[in-house]
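Keep the sequence and the model side by side.

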Amino acid sequence: KEFQRVANLTHPKGFALKPFSHDAFRGKIGPFAKAYIAIEGKQVVMMAQERGKWRIWSPAEIEDGNDVDAIFFDDVDQDGHVEAFVITSWMRGSIDGALTNYSLISLQWDPVQRVFVQRDWLRDHDPADNDDHTHGISTAKQARKLLRQMHRAPTSKSSSAMSQTKPAKS
């Protein structure tokens, strides 16, 4: 397997924090051959050793009330760095019954700033399945297919700018 589930992972030496409350996964993420990703409270936490020292990034938050349904990894943009993805869900009830809403968090390594950044990939792609009472991208397989299609599509100025966004200088 590419990624290995790690039970009872504790934060690296030098960080006075408790063990993670959820499973962590170890594998190649970004430029790191051995990195970890876990959910701690509402934070997506990524850790790796860089130049012999542990680094921790928390590039995204899970919205209140959301459950984590899947964590998966893929180099969807073919840049040589594996991206991390988290699928979350929340239920909303109505007079017609409950509807499960899904959300995709996409995390990409920025080699210039040497940090993981959250991307809005597939933000506007919001499939609804009335038969299944779901809304959004609900599986890793579905997300991978759409992400690969997006990155293979001819680049327009708007899509190219979106995937290469850099923070504005102040």
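The whole structure holds 6 salt bridges. A salt bridge here is a side-chain nitrogen of Lys or Arg within 4 Å of a carboxyl oxygen of Asp or Glu. Side chains of opposite charge can pair when their charged atoms come close.

This is a predicted model: local features need pLDDT of at least 70, side-chain atom pairs need pLDDT 80 or more, and totals for chains, interfaces and linings use all residues. Residues are numbered from 1 along each chain as its sequence is written, and side-chain values use heavy atoms, without hydrogens and water.

The chain has 2 helices and 11 strands. These are DSSP runs, numbered from the N terminus: helices are H or I with at least four residues, strands E with at least two. Of the 170 residues, 39% are buried. Buried means under 20% relative accessible area, exposed over 50%, and partly exposed in between (1.4 Å probe, protein chains only).

Turn to R114 and E50. Their closest N and O atoms are 2.5 Å apart in a salt bridge. R114 sits in the loop between β8 and β9 and E50 in strand β4, so the bridge ties together parts 64 residues apart in sequence. E50 is buried at 9% relative accessibility. R114 is partly exposed at 27%.

D74 and R148 form another salt bridge, at 2.4 Å between the closest N and O atoms. D74 belongs to strand β6 and R148 to helix α1, so parts 74 residues apart in sequence are tied together. D74 is buried, at 12%, while R148 is partly exposed, at 32%.
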